[in-house]
Amino acid sequence: MKSMGRTLHTDIPKSAIHDKQNMTSGDKINSHSPIKLPLYRRFTTLSILLHCSSIILLPCLYFYLWTFESLWPFLIVYSVYTYILDDTPTTGASIYRTSTFWRTLSIYKGFIDYFPIITHRTVPLPPTLEEKTVKKVCLPSWTRALPNTVIRFLKYSGLISEKERTVISEEAIGPRYIFACHPHGVISLGITGLLCWGGKSQITKTKITEGVNFSLKDFEIDNPKDVEDDSQTTHHILLSSKSFASLFPGIKTHLLTISTQFLLPFYRDYIMALGVGLVTKSGIASLLKKNRSVAIVIGGAHESLLAKQGSNKIVLNKRKGFIKIALQNCNRSDTVSNLTEEQIDQKVMDGKWNCEMSNIAIVPTYIYGENNIHNVFNTTEYTQQTPGQENEKSKLLNLLLKMQLRLKNLTGFTIPIVNSRSIFNYDFGLLPYRRKVDIVVGKPIYITRKFGSNVGDEVTQEEIDYFHSLYIEQLMRLWKDNRMFCSPTDEELSIVY
């Protein structure tokens, strides 16, 4: 393993640093992309372009194919199956739609390298699953994602049958995790890139110096110098990688999104192939029951309206549903546990787990730089104007904010006003800037039933408030300990709603 600091990686050309400089210095730079650039750099731009435009291109492709009469039978079958029979997002069967082939394509490695996105592990997380190859009598593996009605029809018609097959069996050997991620940013590209790429990558060491402010030069050097020790600083080491699978083996995690994205033809199949699931109570519970972990961007659409460069404002005070779901799915109560809190804390630091501990944990996760990859016109700053001080600009932005909130209430998502970069220029477009994103994964908080409640009892507000307060405390500590990953212009972390 080798050490690395808060710097752009050497596999990214130095010409890529212009976005970081533009963010922090505000200096005027060349607005057009140079003609002579490394081919791989162009490939990473293509990767991010294809992913960001897929939500528009794939539904458009669906409707365009209807212009060919020869494709109507296929499209009719697809439409009936998708919108009438297919319930995989709500039953958790979408895990069988996840494609290892698709998630390991080079294009998603290009997605990671575009920024780049680096993940940092504060403590080891015990694996959830252990895979074994066994022989058993079953249906073909591809039928697992089909609705029961379709399976019964295929069995009745003799198209499929049960017979002895060699399959990969998954055995639960550890807890399941709810990765609670902040902030949302415009479209959560950081956590999307991390979880949608299923490849492996080198693990390195990152030395974190707490209490140190960094200047612009620290972002540009290839061989960062160690910060000198003094009485005001402390250090700790994180393991870092571009690959989630490399840092957390045995933990299969699904990013969750809103139901409206599963209404878009072709696009819904695309995101399920990447392992994306449904962020509803039934969707989360179904994945947890199948020994899968989930990643939830807690702030949601409301938090996307707060996204702007340098901002670290999050929505958390009223977001307690993920705590309640964890309590409903845990298997331990304080009244029957034989482990003290000190013993559990020690096992957490050692990355160990045993059956005396809860089988579900919430993991605070902070994405440094998520809000810096787009230029966002923040409409929320004009919601509270002093009477008599309103101007035409504030009235217009207030109207835009009302429209954004109305869209969020109707559809579950909203559209921030964004102007960032494009393919061949750096001052206008919708693509994100090429700026480093650091994802720091904190210590797991093992969830148990408290205050006399037993497993299966109705969850009480007292339990929810206890773990919610504990979660906020852990998140704030995670932010403070790793604020080295902030840019020089970043604000302090604050919970605004």
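The questions and answers below go through ring pairs, salt bridges and nonpolar cores in a predicted model.

User: What should I know about the model before we start?
Analyst: It is a predicted model, where local features need pLDDT of at least 70, side-chain atom pairs count only at pLDDT 80 or more, and totals for chains, interfaces and linings use all residues. Residues are numbered from 1 along each chain as its sequence is written, and side-chain values use heavy atoms, with hydrogens and water left out.

User: How many aromatic pairs does the structure hold?
Analyst: The structure holds 24 aromatic pairs. Rings of Phe, Tyr and Trp (its six-membered ring) pair if their centres lie within 6.5 Å. Planes under 30 degrees apart count as stacked, over 60 as edge-to-face, and the rest as tilted.

User: Why is the pair of Tyr62 and Tyr78 called tilted?
Analyst: The ring centres of Tyr62 and Tyr78 are 6.0 Å apart, with 50° between the planes.

User: Which cluster do ring pairs build with Tyr62?
Analyst: Ring pairs link Tyr62 with Phe63, Trp66, Trp72, Phe74, Tyr78 and Phe266.

User: Why is the link between Lys320 and Asp465 called a salt bridge?
Analyst: A salt bridge needs a side-chain nitrogen of Lys or Arg within 4 Å of a carboxyl oxygen of Asp or Glu. In Lys320 and Asp465 the closest N and O atoms are 2.9 Å apart, so the pair qualifies. The partners are 145 residues apart: Lys320 sits in the loop between β11 (313-314) and α13 (321-329), Asp465 in helix α16 (residues 461-481).

User: Is Lys320 buried, exposed or partly exposed, and how do you know?
Analyst: Buried means under 20% relative accessible area, exposed over 50%, and partly exposed in between (1.4 Å probe, protein chains only). Lys320 has 27%, so it counts as partly exposed. Asp465 has 30%, so it is partly exposed too.

User: What makes Asp334 and Lys450 a salt bridge?
Analyst: Their closest N and O atoms are 2.5 Å apart, which is within 4 Å, so they form a salt bridge. The pair links distant parts of the chain, 116 residues apart. Asp334 is partly exposed at 37%. Lys450, at 10%, is under 20% and therefore buried.

User: Where do Glu473 and Arg477 lie?
Analyst: Both lie in helix α16, four residues apart, about one turn of the helix.

User: Which residues touch the most other members of the largest nonpolar core?
Analyst: Phe115, Leu125, Tyr177, Phe179 and Ile191 do, in a core of 46 residues. A nonpolar core is a set of buried Ala, Val, Leu, Ile, Met, Phe, Trp, Tyr and Cys residues joined through side-chain atoms within 4.5 Å. The largest share of this core, five residues, comes from α8.

Definitions and conventions:
Helix = DSSP H or I, 4+ residues; strand = E, 2+ residues; numbered from the N terminus.
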